[in-house]
Amino acid sequence: MKLSHLTEPALEFGGAMRHVDIRFGLMDYGPFDADLESAPKRIKVGIVGSAETVEGAARWLEKCRSGFEAKSSRQPNLFPPFPGLSFEETFRCEFISTQELQRILPPKEIARLVAVPSQREMTRAVVESISDEIGVLAERTTKPDVVLVALPIEIIQRTYNATAATNSEGEDESSGDQNGPDLDFRGMLKASCMRLRLPIQLLWPSTFDPSFKIPRKLKESSDRRTQDPATIAWNLLTALYYKAGGLPWRLARDARQLRTSFVGLSFYRSIDGEHVHTSTAQMFDERGEGLILRGGRMVESDEDRRPHLTDEDAYLLLRNSLKVFRQQHGHYPARVVLHKTSRFDRNELAGFHKAIDERDIDYADFIWVQKSMTRLYRLGVYPPLRGSLLRFDRDQALLYTRGSVDFFRTYPGMYVPRPLMLRCQALGQPLHYVAGEMLALTKMNWNNTQFDNGMPITIAAARQVGEVLKYVPDEQEIAPRFSFYM
(Lines give C-alpha, C1' and ligand atoms only; values in the text may rest on other atoms or scores of the structure.)
Protein backbone atom coordinates (compact mmCIF):
# COMPACT_ATOMS: atom_id res chain seq x y z
CA MET A 1 0.00 0.00 0.00
CA LYS A 2 1.14 3.54 -0.74
CA LEU A 3 -0.37 6.67 0.81
CA SER A 4 -0.08 10.06 -0.93
CA HIS A 5 -1.89 13.39 -1.14
CA LEU A 6 -3.11 14.90 -4.40
CA THR A 7 -2.78 18.63 -4.96
CA GLU A 8 -6.13 20.43 -5.11
CA PRO A 9 -6.97 20.76 -8.85
CA ALA A 10 -7.27 24.29 -10.20
CA LEU A 11 -10.15 25.50 -12.36
CA GLU A 12 -9.92 27.90 -15.29
CA PHE A 13 -11.86 31.17 -15.30
CA GLY A 14 -11.90 34.32 -17.43
CA GLY A 15 -8.70 35.40 -19.13
CA ALA A 16 -7.33 31.83 -18.79
CA MET A 17 -6.69 32.58 -15.11
CA ARG A 18 -6.80 29.78 -12.55
CA HIS A 19 -7.91 29.32 -8.97
CA VAL A 20 -8.69 26.33 -6.75
CA ASP A 21 -11.90 27.90 -5.39
CA ILE A 22 -14.96 28.59 -7.54
CA ARG A 23 -16.23 31.71 -5.79
CA PHE A 24 -12.86 33.42 -5.52
CA GLY A 25 -12.13 32.54 -9.15
CA LEU A 26 -15.39 34.16 -10.28
CA MET A 27 -14.79 37.21 -8.10
CA ASP A 28 -11.25 37.77 -9.32
CA TYR A 29 -11.45 36.76 -12.98
CA GLY A 30 -15.11 36.36 -13.98
CA PRO A 31 -16.61 33.33 -15.75
CA PHE A 32 -14.54 31.33 -18.21
CA ASP A 33 -16.51 32.58 -21.22
CA ALA A 34 -16.53 36.25 -20.13
CA ASP A 35 -14.46 37.34 -23.15
CA LEU A 36 -16.25 35.13 -25.66
CA GLU A 37 -19.03 36.33 -27.96
CA SER A 38 -21.17 33.37 -26.93
CA ALA A 39 -21.24 34.46 -23.27
CA PRO A 40 -24.63 35.71 -22.05
CA LYS A 41 -24.59 39.44 -21.32
CA ARG A 42 -28.25 39.92 -20.45
CA ILE A 43 -30.00 36.93 -18.89
CA LYS A 44 -33.79 37.13 -18.99
CA VAL A 45 -35.17 35.29 -15.96
CA GLY A 46 -38.78 34.13 -16.12
CA ILE A 47 -40.65 33.60 -12.85
CA VAL A 48 -43.73 31.42 -12.27
CA GLY A 49 -45.49 31.12 -8.91
CA SER A 50 -48.08 32.74 -6.67
CA ALA A 51 -48.35 36.52 -6.45
CA GLU A 52 -46.35 36.42 -3.20
CA THR A 53 -43.55 34.15 -4.40
CA VAL A 54 -43.18 35.88 -7.78
CA GLU A 55 -42.83 39.23 -6.05
CA GLY A 56 -40.39 37.80 -3.51
CA ALA A 57 -38.21 36.12 -6.15
CA ALA A 58 -38.10 39.29 -8.29
CA ARG A 59 -37.24 41.40 -5.23
CA TRP A 60 -34.44 38.96 -4.29
CA LEU A 61 -32.95 39.17 -7.80
CA GLU A 62 -32.91 42.94 -7.44
CA LYS A 63 -31.11 42.69 -4.09
CA CYS A 64 -28.42 40.55 -5.71
CA ARG A 65 -27.33 43.56 -7.77
CA SER A 66 -25.78 45.22 -4.72
CA GLY A 67 -24.45 41.96 -3.26
CA PHE A 68 -24.41 40.42 0.21
CA GLU A 69 -21.92 40.61 3.03
CA ALA A 70 -19.95 37.57 4.11
CA LYS A 71 -21.30 35.38 6.87
CA SER A 72 -19.55 35.96 10.16
CA SER A 73 -17.23 32.99 10.51
CA ARG A 74 -13.75 31.94 11.62
CA GLN A 75 -13.37 30.40 8.13
CA PRO A 76 -13.70 33.42 5.78
CA ASN A 77 -12.69 31.36 2.72
CA LEU A 78 -15.65 29.06 3.34
CA PHE A 79 -18.17 31.93 3.46
CA PRO A 80 -16.99 34.74 1.13
CA PRO A 81 -19.20 37.73 0.34
CA PHE A 82 -21.21 37.97 -2.85
CA PRO A 83 -19.94 41.17 -4.57
CA GLY A 84 -23.04 41.85 -6.65
CA LEU A 85 -24.07 41.85 -10.30
CA SER A 86 -22.68 44.17 -12.92
CA PHE A 87 -20.67 44.06 -16.13
CA GLU A 88 -17.49 44.51 -14.06
CA GLU A 89 -18.20 42.01 -11.26
CA THR A 90 -18.84 38.30 -10.77
CA PHE A 91 -20.63 37.03 -13.90
CA ARG A 92 -19.98 40.14 -16.01
CA CYS A 93 -23.63 40.26 -17.07
CA GLU A 94 -27.02 41.37 -15.80
CA PHE A 95 -29.99 39.30 -14.67
CA ILE A 96 -33.37 40.88 -15.41
CA SER A 97 -36.98 39.88 -14.79
CA THR A 98 -39.79 42.14 -16.01
CA GLN A 99 -43.55 41.64 -15.68
CA GLU A 100 -43.59 40.33 -19.24
CA LEU A 101 -41.37 37.46 -18.06
CA GLN A 102 -43.60 36.55 -15.10
CA ARG A 103 -46.70 34.38 -14.72
CA ILE A 104 -48.83 34.26 -11.58
CA LEU A 105 -50.91 31.24 -10.57
CA PRO A 106 -54.34 32.51 -9.41
CA PRO A 107 -55.26 31.73 -5.76
CA LYS A 108 -58.25 29.71 -6.97
CA GLU A 109 -55.97 27.53 -9.12
CA ILE A 110 -53.60 26.91 -6.21
CA ALA A 111 -56.54 25.99 -3.96
CA ARG A 112 -57.88 23.61 -6.63
CA LEU A 113 -54.52 21.89 -6.99
CA VAL A 114 -53.89 21.28 -3.30
CA ALA A 115 -57.46 20.03 -2.85
CA VAL A 116 -56.96 17.08 -5.21
CA PRO A 117 -57.12 14.08 -2.82
CA SER A 118 -55.03 11.55 -4.75
CA GLN A 119 -51.31 12.19 -4.40
CA ARG A 120 -50.47 10.97 -7.90
CA GLU A 121 -53.28 12.96 -9.51
CA MET A 122 -52.38 16.06 -7.52
CA THR A 123 -48.75 15.82 -8.68
CA ARG A 124 -49.86 15.46 -12.30
CA ALA A 125 -52.22 18.43 -11.95
CA VAL A 126 -49.55 20.70 -10.44
CA VAL A 127 -47.03 19.75 -13.12
CA GLU A 128 -49.56 20.41 -15.87
CA SER A 129 -50.59 23.77 -14.44
CA ILE A 130 -47.03 25.05 -13.97
CA SER A 131 -45.80 23.74 -17.33
CA ASP A 132 -48.75 25.46 -19.03
CA GLU A 133 -47.67 28.78 -17.50
CA ILE A 134 -44.07 28.20 -18.62
CA GLY A 135 -45.41 27.33 -22.07
CA VAL A 136 -47.04 30.77 -22.25
CA LEU A 137 -43.66 32.38 -21.52
CA ALA A 138 -42.02 30.21 -24.18
CA GLU A 139 -44.43 31.53 -26.82
CA ARG A 140 -43.90 35.21 -26.08
CA THR A 141 -41.84 37.52 -28.26
CA THR A 142 -39.51 38.21 -25.35
CA LYS A 143 -38.69 34.67 -24.31
CA PRO A 144 -36.85 33.99 -21.02
CA ASP A 145 -33.47 32.25 -21.05
CA VAL A 146 -34.26 30.34 -17.84
CA VAL A 147 -37.34 30.12 -15.61
CA LEU A 148 -37.49 30.29 -11.82
CA VAL A 149 -40.38 28.21 -10.48
CA ALA A 150 -41.11 29.97 -7.17
CA LEU A 151 -43.25 27.35 -5.47
CA PRO A 152 -46.00 28.47 -3.06
CA ILE A 153 -45.86 26.90 0.41
CA GLU A 154 -49.18 25.11 -0.12
CA ILE A 155 -47.82 23.24 -3.14
CA ILE A 156 -44.51 22.45 -1.41
CA GLN A 157 -46.37 20.86 1.50
CA ARG A 158 -48.35 18.60 -0.83
CA THR A 159 -45.63 17.68 -3.33
CA TYR A 160 -42.51 17.38 -1.17
CA ASN A 161 -44.05 16.11 2.05
CA ALA A 162 -45.68 13.24 0.21
CA THR A 163 -42.42 11.39 -0.36
CA ALA A 164 -39.42 10.85 1.86
CA ALA A 165 -36.33 12.99 1.55
CA THR A 166 -32.98 11.96 0.22
CA ASN A 167 -30.54 11.18 3.00
CA SER A 168 -26.96 12.36 3.20
CA GLU A 169 -25.65 9.39 1.22
CA GLY A 170 -28.06 9.97 -1.67
CA GLU A 171 -30.19 6.88 -0.99
CA ASP A 172 -33.93 7.04 -1.60
CA GLU A 173 -35.85 6.11 1.53
CA SER A 174 -39.35 6.49 0.10
CA SER A 175 -41.86 3.79 -0.63
CA GLY A 176 -45.03 3.91 -2.66
CA ASP A 177 -48.61 3.49 -1.49
CA GLN A 178 -51.09 0.86 -2.56
CA ASN A 179 -51.76 2.78 -5.78
CA GLY A 180 -48.16 2.51 -6.92
CA PRO A 181 -45.05 4.55 -6.26
CA ASP A 182 -45.50 8.28 -5.76
CA LEU A 183 -44.56 10.48 -8.69
CA ASP A 184 -41.46 12.61 -8.22
CA PHE A 185 -42.62 16.21 -8.67
CA ARG A 186 -39.21 17.65 -9.56
CA GLY A 187 -38.39 15.01 -12.17
CA MET A 188 -41.85 15.09 -13.69
CA LEU A 189 -41.86 18.90 -13.99
CA LYS A 190 -38.43 19.02 -15.64
CA ALA A 191 -39.48 16.28 -18.06
CA SER A 192 -42.67 18.17 -18.93
CA CYS A 193 -40.75 21.41 -19.57
CA MET A 194 -38.13 19.66 -21.70
CA ARG A 195 -40.36 19.87 -24.79
CA LEU A 196 -40.49 23.66 -24.31
CA ARG A 197 -36.67 23.84 -24.51
CA LEU A 198 -36.62 26.09 -21.45
CA PRO A 199 -34.43 25.07 -18.48
CA ILE A 200 -36.03 25.66 -15.09
CA GLN A 201 -34.82 26.22 -11.53
CA LEU A 202 -37.04 25.35 -8.56
CA LEU A 203 -37.08 27.94 -5.79
CA TRP A 204 -38.50 27.69 -2.28
CA PRO A 205 -39.76 30.89 -0.61
CA SER A 206 -37.41 30.31 2.34
CA THR A 207 -34.56 30.90 -0.12
CA PHE A 208 -35.37 34.58 -0.59
CA ASP A 209 -37.11 35.12 2.77
CA PRO A 210 -35.90 33.12 5.81
CA SER A 211 -39.05 34.12 7.72
CA PHE A 212 -41.04 31.59 5.69
CA LYS A 213 -41.57 28.45 7.74
CA ILE A 214 -42.23 25.28 5.80
CA PRO A 215 -43.35 22.44 8.10
CA ARG A 216 -42.11 19.00 7.15
CA LYS A 217 -43.87 15.71 7.84
CA LEU A 218 -40.58 13.90 7.41
CA LYS A 219 -38.11 12.88 10.08
CA GLU A 220 -36.29 15.70 11.83
CA SER A 221 -32.89 14.92 10.29
CA SER A 222 -34.25 15.83 6.85
CA ASP A 223 -35.33 19.37 7.81
CA ARG A 224 -34.39 21.95 5.24
CA ARG A 225 -31.57 24.26 6.39
CA THR A 226 -31.36 27.75 4.92
CA GLN A 227 -27.92 29.00 3.90
CA ASP A 228 -26.65 32.53 4.44
CA PRO A 229 -27.68 35.08 1.76
CA ALA A 230 -24.25 35.31 0.13
CA THR A 231 -23.98 31.51 -0.27
CA ILE A 232 -27.52 31.32 -1.66
CA ALA A 233 -26.67 34.01 -4.21
CA TRP A 234 -23.48 32.23 -5.27
CA ASN A 235 -25.18 28.87 -5.74
CA LEU A 236 -28.41 30.01 -7.35
CA LEU A 237 -26.98 32.59 -9.74
CA THR A 238 -24.22 30.22 -10.86
CA ALA A 239 -26.90 27.65 -11.73
CA LEU A 240 -28.93 30.28 -13.60
CA TYR A 241 -25.85 31.46 -15.51
CA TYR A 242 -25.05 27.92 -16.64
CA LYS A 243 -28.68 27.11 -17.52
CA ALA A 244 -28.87 30.30 -19.59
CA GLY A 245 -26.01 29.01 -21.75
CA GLY A 246 -22.99 30.41 -19.88
CA LEU A 247 -19.86 28.52 -18.88
CA PRO A 248 -18.77 29.65 -15.39
CA TRP A 249 -15.54 27.61 -15.29
CA ARG A 250 -13.88 24.58 -16.80
CA LEU A 251 -11.22 22.04 -15.94
CA ALA A 252 -7.73 23.49 -16.14
CA ARG A 253 -5.99 21.40 -18.77
CA ASP A 254 -2.43 21.41 -20.03
CA ALA A 255 -2.27 21.85 -23.83
CA ARG A 256 0.04 18.84 -23.98
CA GLN A 257 -2.54 16.54 -22.39
CA LEU A 258 -4.70 14.23 -24.48
CA ARG A 259 -8.14 15.53 -25.45
CA THR A 260 -10.43 13.47 -23.27
CA SER A 261 -14.12 12.60 -23.21
CA PHE A 262 -15.46 11.67 -19.75
CA VAL A 263 -18.54 9.45 -19.86
CA GLY A 264 -20.62 8.39 -16.88
CA LEU A 265 -22.92 5.38 -17.24
CA SER A 266 -26.06 4.93 -15.16
CA PHE A 267 -29.33 3.01 -15.04
CA TYR A 268 -32.79 4.00 -13.87
CA ARG A 269 -35.98 2.10 -13.16
CA SER A 270 -39.03 2.69 -15.32
CA ILE A 271 -41.95 4.67 -13.87
CA ASP A 272 -44.19 1.59 -13.74
CA GLY A 273 -41.91 0.19 -11.04
CA GLU A 274 -41.20 -3.02 -12.88
CA HIS A 275 -37.69 -4.45 -13.04
CA VAL A 276 -36.86 -2.71 -16.29
CA HIS A 277 -33.75 -0.58 -16.42
CA THR A 278 -32.59 1.86 -19.03
CA SER A 279 -29.08 3.15 -19.48
CA THR A 280 -27.93 6.73 -19.94
CA ALA A 281 -24.60 8.31 -20.66
CA GLN A 282 -23.52 11.64 -19.16
CA MET A 283 -20.70 12.93 -21.36
CA PHE A 284 -18.51 15.79 -20.17
CA ASP A 285 -15.49 17.36 -21.81
CA GLU A 286 -12.72 19.64 -20.59
CA ARG A 287 -14.91 22.68 -21.33
CA GLY A 288 -17.47 21.41 -18.87
CA GLU A 289 -20.10 20.85 -21.54
CA GLY A 290 -22.52 18.23 -20.27
CA LEU A 291 -24.44 16.17 -22.83
CA ILE A 292 -26.96 13.41 -22.14
CA LEU A 293 -27.69 10.33 -24.26
CA ARG A 294 -30.24 7.60 -23.70
CA GLY A 295 -29.15 4.01 -24.22
CA GLY A 296 -30.70 0.56 -24.42
CA ARG A 297 -32.53 -1.65 -21.95
CA MET A 298 -30.62 -3.49 -19.28
CA VAL A 299 -30.34 -7.26 -19.03
CA GLU A 300 -29.37 -9.44 -16.11
CA SER A 301 -25.79 -10.64 -16.40
CA ASP A 302 -24.95 -14.27 -15.76
CA GLU A 303 -21.76 -13.10 -14.00
CA ASP A 304 -23.32 -11.37 -11.00
CA ARG A 305 -27.11 -11.43 -11.61
CA ARG A 306 -27.16 -7.65 -11.78
CA PRO A 307 -28.35 -5.39 -14.64
CA HIS A 308 -25.78 -4.72 -17.37
CA LEU A 309 -25.70 -3.62 -20.99
CA THR A 310 -25.49 -6.13 -23.79
CA ASP A 311 -22.35 -5.91 -25.91
CA GLU A 312 -24.38 -4.38 -28.77
CA ASP A 313 -26.03 -1.73 -26.55
CA ALA A 314 -22.69 -0.89 -24.94
CA TYR A 315 -21.19 -0.43 -28.39
CA LEU A 316 -24.06 1.78 -29.61
CA LEU A 317 -24.09 3.91 -26.46
CA LEU A 318 -20.39 4.73 -26.58
CA ARG A 319 -20.40 5.10 -30.36
CA ASN A 320 -23.15 7.70 -30.10
CA SER A 321 -21.27 9.47 -27.29
CA LEU A 322 -18.18 9.72 -29.48
CA LYS A 323 -20.31 10.96 -32.36
CA VAL A 324 -21.68 13.76 -30.18
CA PHE A 325 -18.14 14.68 -29.09
CA ARG A 326 -17.11 14.97 -32.73
CA GLN A 327 -20.11 17.19 -33.50
CA GLN A 328 -19.11 19.51 -30.67
CA HIS A 329 -15.35 19.63 -31.30
CA GLY A 330 -14.87 18.69 -34.95
CA HIS A 331 -12.78 15.63 -34.09
CA TYR A 332 -12.85 12.49 -31.96
CA PRO A 333 -11.16 12.45 -28.54
CA ALA A 334 -7.71 10.95 -28.13
CA ARG A 335 -8.80 9.31 -24.88
CA VAL A 336 -12.04 8.01 -23.35
CA VAL A 337 -12.73 7.66 -19.62
CA LEU A 338 -15.78 5.64 -18.53
CA HIS A 339 -17.18 5.90 -14.98
CA LYS A 340 -19.71 3.44 -13.58
CA THR A 341 -20.98 2.60 -10.07
CA SER A 342 -20.94 -1.15 -10.73
CA ARG A 343 -18.43 -3.45 -12.31
CA PHE A 344 -18.11 -3.76 -16.09
CA ASP A 345 -19.01 -7.28 -17.19
CA ARG A 346 -17.39 -8.99 -20.19
CA ASN A 347 -20.19 -7.99 -22.60
CA GLU A 348 -19.90 -4.31 -21.69
CA LEU A 349 -16.11 -4.42 -21.98
CA ALA A 350 -16.36 -6.03 -25.40
CA GLY A 351 -18.90 -3.48 -26.66
CA PHE A 352 -17.00 -0.45 -25.33
CA HIS A 353 -13.68 -1.66 -26.74
CA LYS A 354 -15.32 -2.23 -30.11
CA ALA A 355 -16.54 1.40 -30.24
CA ILE A 356 -13.13 2.71 -29.19
CA ASP A 357 -11.21 0.53 -31.63
CA GLU A 358 -13.53 1.60 -34.44
CA ARG A 359 -12.32 5.20 -34.00
CA ASP A 360 -8.66 4.25 -33.50
CA ILE A 361 -8.63 5.64 -29.96
CA ASP A 362 -5.52 4.34 -28.22
CA TYR A 363 -6.20 5.35 -24.62
CA ALA A 364 -9.14 4.25 -22.48
CA ASP A 365 -9.80 4.07 -18.74
CA PHE A 366 -12.79 2.12 -17.38
CA ILE A 367 -13.29 3.03 -13.71
CA TRP A 368 -15.68 1.31 -11.31
CA VAL A 369 -16.53 3.90 -8.61
CA GLN A 370 -18.18 3.10 -5.28
CA LYS A 371 -18.39 4.66 -1.84
CA SER A 372 -16.32 2.61 0.56
CA MET A 373 -16.83 1.70 4.22
CA THR A 374 -13.05 1.61 4.67
CA ARG A 375 -11.82 4.74 6.42
CA LEU A 376 -8.51 6.37 7.22
CA TYR A 377 -7.78 8.24 10.45
CA ARG A 378 -5.39 11.03 11.27
CA LEU A 379 -4.21 12.63 14.49
CA GLY A 380 -6.59 15.22 15.92
CA VAL A 381 -10.33 15.65 15.50
CA TYR A 382 -10.53 16.39 11.76
CA PRO A 383 -11.06 13.80 8.99
CA PRO A 384 -8.31 13.01 6.46
CA LEU A 385 -7.46 15.67 3.91
CA ARG A 386 -9.45 15.86 0.71
CA GLY A 387 -7.20 14.34 -1.94
CA SER A 388 -5.78 11.61 0.31
CA LEU A 389 -5.04 8.61 -1.93
CA LEU A 390 -4.31 5.10 -0.65
CA ARG A 391 -3.16 2.80 -3.45
CA PHE A 392 -3.56 -0.94 -2.91
CA ASP A 393 -2.08 -2.01 -6.25
CA ARG A 394 -1.73 -0.68 -9.79
CA ASP A 395 -5.47 -0.69 -10.51
CA GLN A 396 -7.22 -0.18 -7.14
CA ALA A 397 -7.15 2.75 -4.72
CA LEU A 398 -9.08 4.63 -2.04
CA LEU A 399 -9.64 8.36 -2.70
CA TYR A 400 -10.99 11.00 -0.32
CA THR A 401 -13.00 13.47 -2.42
CA ARG A 402 -14.48 14.92 0.78
CA GLY A 403 -12.47 15.71 3.86
CA SER A 404 -10.54 18.48 5.55
CA VAL A 405 -9.71 21.26 3.10
CA ASP A 406 -6.61 23.37 3.63
CA PHE A 407 -8.08 26.33 1.71
CA PHE A 408 -11.11 26.35 4.05
CA ARG A 409 -8.98 25.63 7.15
CA THR A 410 -11.62 23.16 8.30
CA TYR A 411 -13.77 20.19 7.32
CA PRO A 412 -16.98 21.78 5.92
CA GLY A 413 -19.18 18.68 6.12
CA MET A 414 -21.62 17.50 8.78
CA TYR A 415 -20.95 13.76 8.63
CA VAL A 416 -17.90 11.54 8.68
CA PRO A 417 -16.79 11.48 5.02
CA ARG A 418 -16.71 8.23 3.07
CA PRO A 419 -13.94 7.82 0.51
CA LEU A 420 -14.39 6.42 -2.99
CA MET A 421 -13.06 3.02 -3.97
CA LEU A 422 -11.65 3.18 -7.48
CA ARG A 423 -11.25 -0.07 -9.42
CA CYS A 424 -9.74 0.29 -12.90
CA GLN A 425 -10.88 -2.48 -15.24
CA ALA A 426 -9.02 -0.83 -18.11
CA LEU A 427 -6.13 1.48 -17.43
CA GLY A 428 -4.67 3.75 -20.09
CA GLN A 429 -3.06 6.25 -17.72
CA PRO A 430 -1.33 5.79 -14.33
CA LEU A 431 -3.73 5.37 -11.41
CA HIS A 432 -2.38 8.50 -9.74
CA TYR A 433 -3.31 10.53 -12.84
CA VAL A 434 -6.78 8.95 -13.03
CA ALA A 435 -7.43 9.76 -9.35
CA GLY A 436 -6.39 13.38 -9.91
CA GLU A 437 -8.94 13.69 -12.72
CA MET A 438 -11.58 12.15 -10.48
CA LEU A 439 -10.85 14.80 -7.86
CA ALA A 440 -11.10 17.57 -10.47
CA LEU A 441 -14.43 16.26 -11.79
CA THR A 442 -15.98 16.66 -8.32
CA LYS A 443 -15.64 20.42 -8.87
CA MET A 444 -17.79 20.46 -12.03
CA ASN A 445 -21.22 20.66 -10.36
CA TRP A 446 -22.78 23.98 -11.42
CA ASN A 447 -25.50 23.69 -8.76
CA ASN A 448 -23.00 24.21 -5.96
CA THR A 449 -20.06 26.61 -5.69
CA GLN A 450 -18.46 24.84 -2.72
CA PHE A 451 -15.87 22.75 -4.50
CA ASP A 452 -15.61 19.64 -2.29
CA ASN A 453 -18.45 17.59 -3.75
CA GLY A 454 -18.19 13.88 -3.05
CA MET A 455 -18.85 12.35 -6.47
CA PRO A 456 -17.42 13.28 -9.90
CA ILE A 457 -19.96 15.04 -12.10
CA THR A 458 -20.12 12.00 -14.40
CA ILE A 459 -21.61 9.99 -11.52
CA ALA A 460 -23.32 12.79 -9.59
CA ALA A 461 -25.39 13.64 -12.66
CA ALA A 462 -26.72 10.09 -12.90
CA ARG A 463 -29.42 10.42 -10.25
CA GLN A 464 -30.69 13.75 -11.59
CA VAL A 465 -30.80 12.48 -15.17
CA GLY A 466 -32.60 9.26 -14.26
CA GLU A 467 -35.22 11.05 -12.17
CA VAL A 468 -36.12 13.16 -15.20
CA LEU A 469 -35.77 10.68 -18.06
CA LYS A 470 -38.10 8.13 -16.46
CA TYR A 471 -40.94 10.56 -17.21
CA VAL A 472 -39.92 11.17 -20.84
CA PRO A 473 -41.61 8.76 -23.30
CA ASP A 474 -39.27 6.59 -25.35
CA GLU A 475 -40.52 8.15 -28.59
CA GLN A 476 -39.82 11.73 -27.41
CA GLU A 477 -36.48 13.32 -28.22
CA ILE A 478 -34.58 14.18 -25.07
CA ALA A 479 -32.75 17.46 -24.42
CA PRO A 480 -29.01 16.80 -24.80
CA ARG A 481 -27.70 19.53 -22.45
CA PHE A 482 -27.24 18.70 -18.78
CA SER A 483 -28.76 22.07 -17.84
CA PHE A 484 -32.25 20.62 -18.43
CA TYR A 485 -31.74 17.95 -15.75
CA MET A 486 -29.91 19.76 -12.94
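Helix α4 passes helix α6 in a right-handed crossing, that is, one in which the near helix is turned clockwise from the far one by less than a right angle. This is a predicted model, in which local features need pLDDT of at least 70 and side-chain atom pairs count only at pLDDT 80 or more, while totals for chains, interfaces and linings use all residues. Residues are numbered from 1 along each chain as its sequence is written, and side-chain values use heavy atoms, with hydrogens and water left out.

Helix α4 covers residues 119-139 and helix α6 residues 185-194; they pack at an angle of about 35 degrees with their axes 9 Å apart. Axes are lines fitted to C-alpha atoms over the stretch in contact, and angles run from 0 to 180 degrees between N-to-C directions. Helices are DSSP runs of H or I with at least four residues, and strands are runs of E with at least two, numbered from the N terminus.

I turn now to the cores. A nonpolar core is a set of buried Ala, Val, Leu, Ile, Met, Phe, Trp, Tyr and Cys residues joined through side-chain atoms within 4.5 Å; buried means under 20% relative accessible area, with a 1.4 Å probe and protein chains only. The largest has 112 residues, of which F95, L237, F482 and Y485 touch the most other members. Helix α8 (residues 229-243) gives the largest share, 10 residues. Another core, of 26 residues, lies apart, with M283 and F344 among them.

Finally, L251 lies in strand β9 and counts as buried because its relative accessibility is 4%.

Conventions
Buried < 20%, exposed > 50% of the residue type's maximum accessible area, 1.4 Å probe, protein only.
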